[in-house]
Amino acid sequence: MTSAAPSTASEYWDKYRPTCDRPAADRFDWTGLQGTGPGAEVLGTPKTALDLGPAEGENAAFLARSGVEVTAVDFSPVQIGRARDFWHDIPNLEFVHAEACAFLDQDVRLWDAIYSTWGAVWFTDPDELFPHISARIAPGGIFAFSHREPIVGQYGAQQMGGKWLEGRETELTVLRWQHTPEQWTDLLKRHGFTDVQADVIPSPDATLGTLLVTAKAAA
């Protein structure tokens with residue numbers, strides 16, 4: 001039986017990878033391709049970290065196992081429920097059901113590192129999200145995120161697809177924001193971040209790679 005088409009953005013993400021096993025979480029992964037690219041060293045040595053859009057939560061779990069106090073926020077109740085089931089045995093790891101901007105507006109904690117791996121940073125207007133992140137990252141903290149290398153010319157807000165939306169795209173629009181390294185650098189500097197580095201990690205099979213962006217909050 002075909003499930004009902006989503007009517008909200010959170011319901012769209014409820015349907016992402018509906019069945020999967022608990023990941024190993026034995027490495028921090030920016031690319032989604034095993035053994036490709038850097039790991040948790042990108043974040044430095046944070047005591048606290050915020051994961052925006054954790055999905056199955058394996059990166060959050062890896063950091064928590066390493067002794068970092070991690071909060072992971074996702075606005076899909078299905079994703080959050082599954083992540084809590086997967087990682088209930090790991091201390092110092094909290095999964096919160098909330099929209100990223102709303103959470104950052106309401107929770108007054110500061111984090112040493114804020115990151116997103118193919119997550120909320122890719123799917124939220126940066127001019128709306130970045131001021132919230134800037135307000136909740138500790139001085140000198142690391143902000144890092146990754147998303148798929150954009151197709152040439154497909155920059156800015158791009159409409160998402162998905163088999164559960166076929167024929168119904170006019171009823172629900174889900175956007176992702178993708179930019180070139182230069183465009184991300186300009187955006188981050190405009191929002192007060194420094195030491196910006198943006199590079200494409202090539203895919204080993206010659207398909208589109210992963211764009212990894214890092215920046216520092218003002219000290």
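1. F130 and F143 are both buried, a term that stands for under 20% relative accessible area with a 1.4 Å probe and protein chains only. Their ring centres are 5.4 Å apart and their planes meet at 85°, so the pair is edge-to-face; rings of Phe, Tyr and Trp (its six-membered ring) pair if their centres lie within 6.5 Å, with planes under 30 degrees apart counted as stacked, over 60 as edge-to-face and the rest as tilted.

2. The model is a predicted one, in which local features need pLDDT of at least 70 and side-chain atom pairs count only at pLDDT 80 or more, while totals for chains, interfaces and linings use all residues. Residues are numbered from 1 along each chain as its sequence is written, and side-chain values use heavy atoms, with hydrogens and water left out.

3. Because F130 belongs to helix 5 (residues 126-136) and F143 to strand 5 (residues 137-148), their pair ties together parts that are 13 residues apart in sequence. Helices (H or I, at least four residues) and strands (E, at least two) are DSSP runs, numbered from the N terminus; the chain has six helices and nine strands.

4. One aromatic cluster is formed by F130, F143, F145, W184 and F193, and the structure holds 14 aromatic pairs. Among these is the tilted pair of F28 and W30, at 4.8 Å centre to centre and 50° between the planes, and both F28 and W30 are buried.

5. As for the chain as a whole, buried residues make up 50% of its 219 residues, and its C-alpha trace spans about 50 × 45 × 40 Å along the principal axes.
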